[in-house]
Amino acid sequence: MSVITSHPPAARPHWPAYLTEAGGAACFVIGSGLATLLAEHPALPVAQALLGHAVARRAVTGVLVALLLCAMAYSPWGHRSGAHFNPAVTLGFWQLGRISGADALAYALAQVAGAATGAALLHLALASWLAHPAVHSLLTQPKPVPNGTLVAWLAEFIIAGGLMAVLLSALHSPAWHKAAGAFAATLLAFYIIVETPYSGMSLNPVRSLGTALAAKEFRGLWVYWTAPPLAMWLVAVGWKYRRGHSLARATQPGPAPVQYGAARPLHYPVFHAAD
């Protein structure tokens, strides 16, 4: 038995939530792509002003992407689906029993479709700008150096696991659950600044897939489709196991452990009768 309570929705499609996930994934790909273009393309003023300051350019991208994620997560639109926009996040929440298998699969398919559409539209509108080597078609790929693929895989695994751990810690804290989206956005900005040189900082399999499809370049794509989902799933498994043991210890003599998750917190999907 786990203190992470499950609230299974009715066994029918929840199309508004699926469309939200598709639209959110598309907006994230477009918004993060434009942020990268603004900060990295040498013909644009921001990149020119920060020429020779790679960390500062990544900081600009990180702040813009964090603001975008916050806006999406805390909007009524984001609340409709729980604002996953990432199949690795959905996989973790499925493991915790917070979303049914059918809905999780529909979320993942919607995220793929949304990210692919967003990347295609972005490339259609700005193909010549995105083709510049400094922007590299927004691709996330391992560095072409010895052990570059291994470094990229480990980096993606670590940052994905860290994000899921932060999300779960916030979501199951009475004091901090409403700030979960802000914590995730802040961590994402930090990752963009610090981790980008190692893997390109994807963290999101569909973001990498969308840009790869648009650019028709798939080198190393498997890294981004294995490391983040595996890391988030393992963190969810560990979290569920730890919470189960905490509940078991509550029946033993001594102080009862603090139990979170009795109420359904922010950023888990909440389906309504109209969905």
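I started at Glu195 and placed it in helix α8, which spans residues 180-199. I kept in mind that this is a predicted model.

**Charge at Glu195**

I asked what the nearest side chain of opposite charge to Glu195 is. I found Arg58, 8.7 Å away. I logged Glu195 as buried and without a salt bridge.

**Partners of Glu195**

I then looked up which backbone nitrogen the side chain of Glu195 reaches. The backbone nitrogen belongs to Met201, and the distance is 3.3 Å. Leaving out residues up to four places away in sequence, I listed the contacts of Glu195 as Ala155, Glu156, Ile159, Phe190 and Met201.

**Largest pocket**

I turned to the largest pocket and read a volume of about 610 Å³. I counted 30 residues in its lining. Nearest its centre I noted Thr36, Val135, Leu139, Thr196 and Gly200. I also checked which elements give two or more residues to the lining. They are α1 (15-40), α3 (54-73) and α8. Helix α8 is also where I had found Glu195.

**Whole protein**

I finished with the fold. I recorded 10 helices and 0 strands. Along the sequence the pattern reads α-α-α-α-α-α-α-α-α-α. Of the 275 residues, 49% are buried. I took contacts between residues at least 6 apart in sequence and found that 78% of them join residues at least 24 apart.

Notes. Residues numbered from 1 in each chain as written. Predicted model: local features only at pLDDT ≥ 70, side-chain atom pairs only at ≥ 80, totals over all residues. Heavy atoms only, no water. Helix = DSSP H or I, 4+ residues; strand = E, 2+ residues; numbered from the N terminus. Buried < 20%, exposed > 50% of the residue type's maximum accessible area, 1.4 Å probe, protein only. Lys, Arg positive; Asp, Glu negative; His and termini not counted. Salt bridge = Lys/Arg side-chain N within 4 Å of Asp/Glu carboxyl O. Polar contact = N/O pair within 3.5 Å; in protein donor to acceptor, adjacent residues only side chain to side chain. Contact = heavy atoms within 4.5 Å. 1 Å grid on protein atoms, 1.4 Å probe; cavity = no way out; pocket = protein on both sides within 12 Å on 5 of 7 lines; lining within 4 Å. Points joined across faces, edges and corners; volume = space filled by probe spheres on them.
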